[in-house]
Amino acid sequence: MAFELPKLTYAYDALEPHIDARTMEIHHSKHHAGYTNNLNGAIDGSDLEGKTIENILANLDLENKAVRNNGGGFYNHRLFWSVMSEDGGGKPTGELAEAINDAFGSFEAFKDAFKKVAATQFGSGWAWLCVHTGGKVEVCGTANQDNPLMPSIGCGGTPILGVDVWEHAYYLNYQNRRPDYLEAFFSVINWIEVSALYAQNK
Ligand code: MN
């Protein structure tokens, strides 16, 4: 069973004005589709075929660049779409809010830490909010299409929120203004989904 490009649960223009429809369409139908197809090509006929993406990434040989880049790209974008919504924004509540307060002191301090990691990621990459077994959360960043599930990547736990800081994620609308894009991202975060991921993976 080959990996399939996941359908979005909202329209390409649903996140406007924060993320524009043209960026969403290219990002999903070209970039994410490309990672998906290339992942399938990379594992076709290998012993990775039929495994879950989480299993593939957790046991990844980092020298396998085709699976590292495209498996990461497949997983990262699937998470990215799921943690955004036209009804998003605001703040988390409940046990996720408590975990964020325990780790950072306040939601605003978490937001500053997350945006700082995302803004200072040199070149292409991602910023993450991860949960460790036991419920502790942390913020970290990875380069290119790496992610915290990969072994020895310097960023651990299970990602429950991620923001794409590749230029293809924002350049049409924000050009070089990555911090403006990051502020806009906070207006569309689907905290209900992030909270569900927290509960499933803590
Ligand atoms: Mn991307």
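1. Donors are here taken as N, O and S atoms within 2.8 Å of the metal (3.2 Å for Na, K and Ca), and since water is not among the atoms, sites may look incomplete. On that basis the donors of the manganese ion follow the spacing H-x49-H-x86-D-x3-H along the chain. The protein donors are His27 (NE2), His77 (NE2), Asp164 (OD) and His168 (NE2), which lie 1.9 to 2.1 Å from the ion.

2. Some conventions should be kept in mind. This is a predicted model, in which local features need pLDDT of at least 70 and side-chain atom pairs count only at pLDDT 80 or more, whereas totals for chains, interfaces and linings use all residues. Residues are numbered from 1 along each chain as its sequence is written, and side-chain values use heavy atoms, with hydrogens and water left out.

3. On the overall fold, the protein has eight helices and three strands, where helices (H or I, at least four residues) and strands (E, at least two) are DSSP runs numbered from the N terminus. Along the sequence these elements follow the pattern α-α-α-α-α-β-β-β-α-α-α. The C-alpha atoms fill a box of roughly 50 × 40 × 30 Å along the principal axes.

4. Burial is defined by relative accessible area: buried means under 20%, exposed over 50%, and partly exposed in between (1.4 Å probe, protein chains only). Buried residues make up 48% of the 202 residues. His27 counts as buried because its relative accessibility is 2%, and Phe80, which is found in helix α3, is buried with a relative accessible area of 2%. The C-alpha atoms of Phe80 and Gly162 are separated by 5.8 Å, although these residues are 82 apart along the chain.

5. For the sheet, two strands are said to pair if DSSP finds at least two bridges between them. Strand β1 (residues 125-131) pairs with β2 (residues 137-143) in the antiparallel sense over seven bridges, and β1 also pairs with β3 in the antiparallel sense, over six bridges. Ala127 stands opposite Gly141 in β2, while the partner of Trp126 in β3 is Asp164, one of the manganese donors. Seven of the seven residues of β1 are buried, so this strand is largely enclosed by the rest of the structure. In a regular strand the side chains alternate between the two faces of the sheet. In β1, Gly125, Ala127, Leu129 and Val131 point one way and Trp126, Trp128 and Cys130 the other way.

6. What volume does the largest pocket have? On a 1 Å grid over the protein atoms alone, a cavity is a set of points where a 1.4 Å probe fits but cannot get out, a pocket is an open set with protein on both sides within 12 Å along at least five of seven lines, and lining residues have an atom within 4 Å of a point. Grid points are joined across faces, edges and corners, and a volume is the space filled by probe spheres set on the points. The largest pocket has about 170 Å³, and its lining includes Glu54, Arg78 and Glu193. α3 (65-82), β3 and α8 (191-201) each supply at least two residues of this lining.

7. The search of the whole structure finds one cavity of 30 Å³ or more. Among the residues that line the largest cavity are His27, Phe80 and Tyr181, and its largest share, three residues, comes from α1.

8. Some backbone angles deserve a check. Most residues other than glycine have a negative phi, and most peptide bonds are trans. A cis peptide bond joins Glu16 and Pro17, with omega about 5 degrees, and Pro17 is in the segment before α1. Ser152 has a positive phi of about 55 degrees although it is not a glycine, and at 75% relative accessibility Ser152 counts as exposed. Gln175, in the loop between α6 and α7 (178-186), has a positive phi near 50 degrees.
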